[in-house]
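Please open the structure in a viewer and keep the selection panel at hand. The stops below are meant to be followed in order.

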Amino acid sequence: MSVITEATKPGQARTAPNANRLVSTRAGGKLVKDYWDNLFTARDRGATVVWYNGAAINPILQAAGVEWCHGEAFGARLAAMHLEQPAQLAGEAYGYINELCSYARTTLGCALLTKQEATAKIEMDGLPGVPDKEVLASRLPPPDLFVNAYAGCSTGQQWDEVSYRVFDKELPFFKVSYPLLWGNRPDAGYLRGEEWDNASKFVASQLHGLIEFLEHQTGNRFDWEGLRESMHYIKRAAQLRIEALELCKARPTPAVFWDWVASIAPINFLPGNQALVDYFAAVKAEIEDRLRDGVSSLPNERYRLAFDGIMNWNKVGWLANKFAEHDAAVVCGRYTHNSFWHEPQLIDEDDPILGMAQHYLLCPFNHSARNLAEQVLRDCETYGIDGIVFHATRTCRSATNGQLLLAKMAQARGMQTMFFEGDVADESFYKDEVLQNRLEAMLETIDVQRGR
Amino acid sequence: MEQSATINGIIADLAQIAADPGRYASGWKARREGRVVGILPMNFPPEIVHAAGALPVLMQEDDAAITYGRSLLHEFYCGYTRSLVDQAATGKLAGYDGLFLVDHCVALLGAVDAVRFELPEMPVYLAQFMASMDEPTTRPQVGEQIAALRQRLGELCGVSISDAAIQHSIAAYNRNRGLLRKVYDLRRRGRIALGSRQMQVLIKSSMVMDVEEHTAILTKLVALFEAYPQVPEGQVRLHLSGHFCHAPRPELLDMIESCGVTVVDDDVFTGYRYIATDVPDGPDPVEALTQWYFDRNSNVPCSTRAQKTVDWEGYLVDSLKGSGAQGVVVLIAKFCEPHMLYYPELRKALHREGIPHLVVETEHEGLALEMLKTRVEALVEGIRRPRIATAQALA
Ligand code: SF4
Ligand code: SF4
């Protein structure tokens, strides 16, 4: 198989198609840019800034009257914009080995640069081309508080232990801990069983602790009404997102995984308000229009695939086109479909804490392989998937845990699977030829399977 | 002479057991007709298994090359987790009646999930202890997990585990740890010439053997050590740091010591970290084991835990002062996230204190010992002749 995929007329090659990406998601890009630009000025505006990692606790931070900086999101943004280098070099000069989670070392690199801007007191080996203020990586406002709320991954939790130390152990710091949804008991499963109930209550109690901590640190009374209001908007936006996702059961699909990747930032950390609802309403409306007008994401959808693993932020556009070139529509993925307020029915708008705790537990990397298979294989069935593409994310063991087991379970159901190597925010681990060869081999196998 | 032959003989016997814990466990099982329970590093309280009448065996990395395990766990996981999964995939865990763990390391959890997948008949139980030590919610959560472990192990072994049984086991393990600490103390004070390979054998065998049997042997050994002191030969005193969950290869330790080094102390897991902390006295054994979890991290801080109030680097600098070690070899198991993440904090403190150190990344597949030797020699040379080393560094 080559990049020139088919002849439209005998003897005439057609140019490889690009993914026909949704236009409505561009508005999300603007919302997100505005959000960061505003955050960069937080200190000038006298705002209290919380640095946090992990779950989407932003509605709690919003209701506590503070501004929030999601470390991973900033790391992802830098990688997606190909601006991660200065932060990663700073991390390397500080002593991080490149096999360490690239999200953590990118964001810790930002912390080092932020700290350097503020105090010029960071010990690093000779750092080539230390960026000045204009470099995005050094523009985060220094934190006033830290909150860690990382589910699933021990590195995610330990990362803020280090952020806390980079800032000389002087700042208040709160941690939310989560049990892995492991399933010791026979009744355990996705959204069910005693372990799920106990874990939900355990996390909810910690969220109350977090609220007390924020009240104590800021001197602000927590705005419960504000929390209910933002969760009302978030729930509505999440419902619209799920409805839009489900429209992609259609063949050919009107939107693909890469469109949903573009919508992660808004649902992950933007404020819960009408603008968020409007954004997802517009995305859904565009998909409905496409369905009505017979517009598909790929001109020649031939294969329907699922994508498993955390995103490869350096390569989103590249990958979108790579799959499109092969007429392969990536229709669903663990990172987009099993994450980010994806069970909105759990949210009680009047008393949202428990439902929030449950979503935090439902981080797509906080499941045993058994739990994971329950969700991913169900989605494969729902969306009529022919094969699963696994992103073997070199420095994110949380995303790769269970992948090989999941692949075996999928194969047992007659599905094709392939792995390619890459990373969440370190381009050097991506091997294009591996992806190309394995993708072609998998698609050929699907053809053979269909021919039988 | 005769005493030193006796000492070497005892250690050689323990080394055989440490090298093949599965064989020892089968023998124990046949003799005692009890259950053998695999437990996983680094915070599992073996007392609770012992109190159920079973043999707790702290699972070790084995030397075999990774084969079938490759299809269950990616290659970019630490050697310990890859070996564990490979042992499961190649039938080496057949003699174990269950696998229990409490620790939250992302790689370890992935590996144990793979073992569970591969061996669906084997009871595999996670009683996850929250890793953040600062929040008031953690202590009761850990207590609940220990109570759940007690229940589950009781079911597995067909017994009801009494408070008295746990107290008895706590006392047995405290005794064993105390004896091992005595050996450490003699080593720090330069009273015994015990190489790191031998020290590792003492710890590793204590991780896999029946505690009473091990204590009996150790008692004899400590008496011999005390009666016949020996002066170590190496001139430069070093501390070995890090290496979580599994033992660094003995060949590596031999190589380090062959460079004119005496290793006087360590904080590696298959070393002082494992035996540093006793379970405190108290009427409620579950509470005592809970306290032990917290005390371990205060005594010898570990970057797999999240605790604002303790620092591994502070501990390291202090213990160097105590042992008189002149430098540190930091042993990082390749792909060990918690260690890679924390290493710069250690580095910063060592730089601040002017303590020379060397980082060595270890791999399951083996080590380029000759190349590493040159780096160890450079460290040793820098310690012996600091002015020359400084001049060279400035040049
Ligand atoms: S390893 Fe993966 S899940 Fe863990 S902190 Fe890094 S990016 Fe997050
Ligand atoms: S702590 Fe390090 S050595 Fe232990 S299982 Fe985790 S990654 Fe492996």
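Which residues have the most contacts inside the largest nonpolar core? In this predicted model, select A:Trp36, A:Tyr103, A:Trp258, A:Leu305 and A:Trp313, which have the most contacts inside that core of 284 residues. Next, colour helix 8 of chain A, residues 224–247: this helix gives the most to the core, with 10 residues.

Centre the view on A:Tyr103 and display its surroundings. Leaving aside residues up to four places away in sequence, A:Tyr103 touches A:Glu72, A:Gly75, A:Ala76, A:Tyr150, A:Trp159, A:Ile310, A:Trp313, A:Tyr335, A:Val424 and A:Ala425. Then move to chain B, where B:Leu238, B:Ile256, B:Val261 and B:Val360 are included in a second, separate core of 20 residues.

Remain in chain B and select helix 3, residues 46–50, in which B:Glu47 is found. Is B:Glu47 buried or exposed? B:Glu47 counts as buried because its relative accessibility is 0%, and the cut-off for buried is under 20%. Show the side chain of B:Arg177 as well: a polar contact of 2.7 Å joins it to the side chain of B:Glu47. Beyond four places in sequence, the residues that B:Glu47 touches also include B:Ser169, B:Ile170, B:Tyr173, B:Val279 and B:Leu289.

The next stop is helix 5 of chain B, residues 106–118. At 1.5 Å a residue, its 13 residues should span 18 Å, and the end C-alpha atoms are 19 Å apart, which agrees. Of these 13 residues, 11 are buried, so the helix is largely enclosed by the rest of the structure. Select the buried residues, among them B:Val106, B:Leu109, B:Asp113 and B:Arg116.

Now display both chains and turn to the contact between them. Chain B contributes 51 residues to the contact and chain A 55 residues. About 4,700 Å² is buried between the two chains, with carbon and sulfur atoms giving 57% of that area. Highlight B:Phe76, B:Lys308 and B:Leu341: in chain B, these lose the most area to chain A, together 15% of what that side buries.

How many salt bridges does the rule find across the interface of chain B and chain A? There are four. To view a salt bridge, select A:Arg397 and B:Glu337, whose side chains meet at 2.5 Å, N to O. Across the interface there are also 33 residue pairs in polar contact.

Finally, colour helix 5, strand 4 (124–126) and helix 14 (337–353) of chain B, each of which supplies at least two residues of the side that touches chain A. Helix 14 gives the most to that side, with 11 residues.

Methods: Residues are numbered from 1 along each chain as its sequence is written. Chains are lettered from A and ligands numbered from 1 in the order in which they are written. This is a predicted model: local features need pLDDT of at least 70, side-chain atom pairs count only at pLDDT 80 or more; totals for chains, interfaces and linings use all residues. Side-chain values use heavy atoms; hydrogens and water are left out. A nonpolar core is a set of buried Ala, Val, Leu, Ile, Met, Phe, Trp, Tyr and Cys residues joined through side-chain atoms within 4.5 Å. Buried means under 20% relative accessible area, exposed over 50%, partly exposed in between (1.4 Å probe, protein chains only). Helices (H or I, at least four residues) and strands (E, at least two) are DSSP runs, numbered from the N terminus. Contact means heavy atoms within 4.5 Å. A polar contact is a pair of N or O atoms within 3.5 Å; within protein, one must be able to donate a hydrogen and the other to accept it, and residues adjacent in sequence count only if both atoms are side-chain atoms. The expected span of a helix is 1.5 Å times one less than its number of residues. Buried area is the accessible area (1.4 Å probe) that two parts lose on being put together, summed over both.
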